[in-house]
Amino acid sequence: MPGKRSRRHFSLLNEFERGLIIGMKTAVWSTRRVAGQVDRSECAVRNCWEQWSREGTYAWKTGSGATRKTTRREDRRIVRQALVDPTVTCSTIRADVGVAIVPQTIFRHLAEANLKSKRPFRALLLTPEHRQLRLQWCQARSMWNVTDWQKVVFSDESRFVLGTDDNRVRVWRRPGDRYHSPHTVLRHTARTAGVMVWGGHSL
């Protein structure tokens, strides 16, 4: 297929193909003929032969890559800041590390530690007394059967906010940590003007 041929033409030469090119060029084959034989572009064949003529080797040189902007210690510091304060921003992390790095560098280091930027879970503000009363209610009915529950009407209410909520607060967390307290934002049931909807059902 033309698409596959195009991708192969411009992909890196492997060691076997480089050896074939050097052998055929040594036998005074033309660049076009060699390219057709190995199914590669003429540019790739020419570069391989020029490297052999210039350096006496056809080994592929791996690039050194971009220079690291942070040390291993600074990388750990970036991750530690997100763990200590999940709501910390990239600008705060960069100022604390003291190195001129772009946000993408911070994102990459945090992603390597399995930390992703997520919206916090919005939980109701429950006091210890609220929690204790709910636990007692559940424990008192832990042995109920279906007949008992059929005598109960379950009700719930939902409030639809008419105003706006920018929801711009974000936290750094790992998968499975959504409901942990450092990654939640407490809210009251009434924040702005809205409409309350109530409903109930029974088994």
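Me: What do the side chains of Arg46 and Glu42 do?

Reply: They meet in a salt bridge with an N to O distance of 3.9 Å, where the term stands for a side-chain nitrogen of Lys or Arg within 4 Å of a carboxyl oxygen of Asp or Glu. Please keep in mind that this is a predicted model, in which local features need pLDDT of at least 70 and side-chain atom pairs count only at pLDDT 80 or more, while totals for chains, interfaces and linings use all residues. Residues are numbered from 1 along each chain as its sequence is written, and side-chain values use heavy atoms, with hydrogens and water left out.

Me: Okay, and where do Arg46 and Glu42 lie?

Reply: Both are in helix α4, 4 residues apart, which is about one turn of the helix. Helices (H or I, at least four residues) and strands (E, at least two) are taken as DSSP runs and numbered from the N terminus.

Me: Which other residue forms a salt bridge with Glu42?

Reply: That is Arg32, with the closest N and O atoms 3.5 Å apart. This pair links distant parts of the chain, since Arg32 belongs to helix α3 and Glu42 to helix α4, 10 residues apart. Taken together, Arg32, Glu42 and Arg46 are linked in a network of salt bridges.

Me: How many salt bridges does a search of the whole structure find?

Reply: It finds 4. One of them joins Glu17 to Arg40, whose closest N and O atoms are 2.8 Å apart. Glu17 sits in helix α2 and Arg40 in the loop between α3 (31-38) and α4 (42-55), so this pair, 23 residues apart, also links distant parts of the chain.

Me: Are Glu17 and Arg40 buried or exposed?

Reply: Glu17 is buried, with a relative accessible area of 5%, and Arg40 also counts as buried, at 4% relative accessibility.

Me: Where is Leu12 found?

Reply: Leu12 is in the loop between α1 (2-9) and α2 (15-26), and it is exposed, with a relative accessible area of 57%.

Me: Changing topic, which residues gather in a patch of positive charge on the surface?

Reply: Lys116, Lys118, Arg119 and Arg170 gather there. Patches are built from residues with over 30% relative accessible area and no salt bridge, joining like charges within 9 Å and nonpolar side chains (Val, Leu, Ile, Met, Phe, Trp, Tyr) within 5 Å. Lys and Arg count as positive and Asp and Glu as negative, with His and the chain ends not counted; the place of a charge is NZ of Lys, CZ of Arg, CG of Asp or CD of Glu. Lys116 itself lies in strand β1 (residues 116-118) and is partly exposed, with a relative accessible area of 38%.

Me: And which residues make the nonpolar surface patch?

Reply: Phe160, Val195 and Val197 make it, with about 260 Å², an area that comes from the Shrake-Rupley method with a 1.4 Å probe, where for residues only the protein chains shown count as cover. Phe160 is in strand β3 (residues 153-161) and is partly exposed, with a relative accessible area of 49%.

Me: Now Trp172, is that buried or exposed?

Reply: Trp172 counts as buried at 7% relative accessibility, and it lies in strand β4 (residues 171-173). Leaving out residues up to four places away in sequence, Trp172 touches residues including Ala82, Phe107, Leu115, Lys116 and His183, where contact means heavy atoms within 4.5 Å.

Me: What about Asp75, which residues does it touch?

Reply: With residues up to four places away in sequence not counted, Asp75 touches Arg68, Thr70 and His109. Asp75 is in helix α5 (residues 72-84) and counts as buried, at 10% relative accessibility.

Me: Finally, how many helices and strands are there in the protein chain?

Reply: There are 9 helices and 6 strands, and buried residues make up 23% of the 203 residues.

Conventions: Buried < 20%, exposed > 50% of the residue type's maximum accessible area, 1.4 Å probe, protein only.
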